[in-house]
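Subject: Structure handover

Hello,

Here is the structure you asked about. Please open it next to this email; my notes follow below.

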Amino acid sequence: MTIRLRVNGETKEVDVDPEMPLLWVLRDVVGLAGTKYGCGEALCGACTIHIDGEAIRSCVTPARRAIDHDITTIEGLSKDGSHPLQRAWVELAVPQCGFCQGGHIMTAAALLAKRRKPTDEEIDASLAGNLCRCGTYVRIRAAVKKAAGV
Amino acid sequence: MTIVKRFTIVLIVCFLACGASAVAPPPRVPLAEPGHLLQPSAFDVIPDRAERSRALFAEASRVFFNPRCANCHPSGDAPTQRDGFERHDPPVVRGDRDQGVPGLMCASCHQDTNSTLARVPGAPKWQLAPREMAWQNRTIHEVCEQIRDPKRNGHRSLDAIAQHVAHDSLVGWAWIPGADRAPPPGTQAEAGALVAAWTATGAECPPEDGKKVVRP
């Protein structure tokens, strides 16, 4: 079945099962591999993207949920890596292996869109579902605060 | 007549007299079969209306305190999961509107239907019950009181409560929980009928026994 998706501002027509997880539509059909497969059960956050600005776990989200909505992936957060979070991530050298970092940034972006100056507790609560096996949590929190200017 | 015979006769007379004036044993409502709820008519054997009402609520509370329902009626900020009321994984919190926090909303993971492969439960408008509707760490009496209190039941009338239990789609998810999750006893319609019968008999609450039914 052909469905129409708006991904990072561009309309894409894709021939997929509407129940196919959005993660695989984005990675295997649209060709945007920045969104990662971690657990496949919404437990790790590596697959986090935005639908209409809200962070969602694309590994458990059927493609049909995104029809007529705006999808943003890590590739679309900014055109040139200039989003305040991306700049802070670079300046503080947050990633180690980097696999999970796209998901962290997308969750943090959804947080900052709603809370311009989040507290430590708010940052921790929002990112509680994003796992980093390299243990970069301290730098992640510092980068979110840097991006928020707090 | 010997003394022994006379004493025996007195005993028999006393026994018959006492038996005739003894209080009849309380009516017995049969226990429901495992996985089932009793129908409201099963409580008709209880002649006292208030007592019947309390018994109806107690039967309905078997649904309220079931993990499929009580997991999302926490007394704190975090829901629980599974039959043992374990901490929700990932460790989400209720947020300002009981729907999670920015970046980690309930709907970030929970879809409008159960996710078969990932086993994530789902239904429309997935969210936590407000804090004032907590069922965890509460006695059956406390839950009964809060359900009939408009300030703590979403400003619902008692009829609206029965309708909510009988027809709300998120309530109904409990009986189609997906994966290997066991549903509460009975059906949604039967649970609604019990609540309707409870309200029709005066919405009486079971006495306070101090026993917290669900203690994660």
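Which residues are exposed on the other side of α6(B)? They are Asp159(B) and His167(B). Please keep in mind that this is a predicted model.

**Helix α6 of chain B**

Start with the side of this helix that is covered. Helix α6 of chain B covers residues 158-167, and Ile161(B), Ala162(B) and Val165(B) are buried in it. Seen down the axis of α6(B), the buried residues fall within an arc of 95 degrees, so they line one face of the helix. What do they pack against?

**Chain B overall**

Chain B has 8 helices and 4 strands. From the N terminus on, its elements run α-α-α-β-β-β-β-α-α-α-α-α. Of its 216 residues, 34% are buried. Take the contacts in chain B with a separation of 6 or more: residues 24 or more positions apart account for 60% of them.

**Chain A overall**

Chain A has 5 helices and 5 strands. Read from the N terminus, the order is β-β-α-β-β-β-α-α-α-α. Buried residues make up 44% of the 150 residues in chain A. Its C-alpha trace spans about 45 × 25 × 25 Å along the principal axes. A compact globule with 150 residues would have a radius of gyration near 15 Å; chain A has 15 Å, which agrees. Now the contacts in chain A between residues at least 6 apart in sequence: 59% of these join residues at least 24 apart.

**The sheet of chain A**

The 5 strands form an open sheet in chain A. Their order is β2-β1-β5-β3-β4, and the pairing is mixed. Which strands stand at the edges? They are β2 (10-15) and β4 (54-57) of chain A. Each has a single partner strand, so one side of each is left without a neighbour in the sheet. From one strand to the next, the twist averages 40 degrees.

Take the β2 end of the sheet. Strand β1 of chain A (residues 2-7) is joined to β2(A) by 6 bridges, and the two run antiparallel. Within this pair, Ile3(A) has Val14(A) as its bridge partner in β2(A). A helix packs here too: α1 of chain A (residues 22-30) touches β1 and β2 of chain A. The direction of α1 makes about 90 degrees with that of β2(A).

Then the β4 end. β3(A) and β4(A) pair over 4 bridges, in the antiparallel sense. Ile51(A) stands opposite Glu54(A) in β4(A). The hairpin of β3(A) and β4(A) has 2 residues between the strands, and Asp52(A) takes a positive phi near 50 degrees there. β3(A) also pairs with strand β5 of chain A (residues 70-72), in the antiparallel sense, over 2 bridges. In that pairing, His50(A) stands opposite Thr72(A) in β5(A). Helix α3 of chain A (residues 101-114) lies across β3 (48-51) and β4 of chain A. It runs at about 35 degrees to β3(A).

**A closer look at Val14(A)**

Val14(A) lies in strand β2 of chain A. Is Val14(A) buried, partly exposed or exposed? Val14(A) has 17 C-beta neighbours inside 10 Å, so it counts as partly exposed; a buried residue would need 20 or more. Leaving aside neighbours within four places in sequence, Val14(A) is in contact with Ile3(A), Leu5(A), Val25(A), Val29(A) and Val30(A). Ile3(A) is the bridge partner mentioned above. Pro118(A) is another matter: Val14(A) and Pro118(A) are 104 residues apart in sequence and 38 Å apart in space, C-alpha to C-alpha.

**Where the chains touch**

The contact takes 25 residues from chain A and 17 residues from chain B. On the chain B side, the elements that give two or more residues are β4 (104-105) and α4 (106-109) of chain B. The residues on this side divide into 11 nonpolar, 4 polar and 2 charged.

Best wishes

Definitions and conventions. Residues are numbered from 1 along each chain as its sequence is written. Chains are lettered from A and ligands numbered from 1 in the order in which they are written. This is a predicted model: local features need pLDDT of at least 70, side-chain atom pairs count only at pLDDT 80 or more; totals for chains, interfaces and linings use all residues. Two strands pair if DSSP finds at least two bridges between them. Axes are lines fitted to C-alpha atoms, for helices over the stretch in contact, and angles run from 0 to 180 degrees between N-to-C directions. Two residues are in contact if their C-beta atoms, placed from the backbone, lie within 7 Å. A residue is buried if 20 or more other C-beta atoms lie within 10 Å of its own, exposed if 12 or fewer, and partly exposed in between; C-beta atoms are placed from the backbone. The arc is that of the directions from the helix axis to the C-beta atoms. The radius of gyration is taken over C-alpha atoms; the globule rule is 2.2 Å times the number of residues to the power 0.38. Ala, Val, Leu, Ile, Met, Phe, Trp, Tyr, Cys and Pro count as nonpolar, Asp, Glu, Lys and Arg as charged, and the others, Gly among them, as polar.
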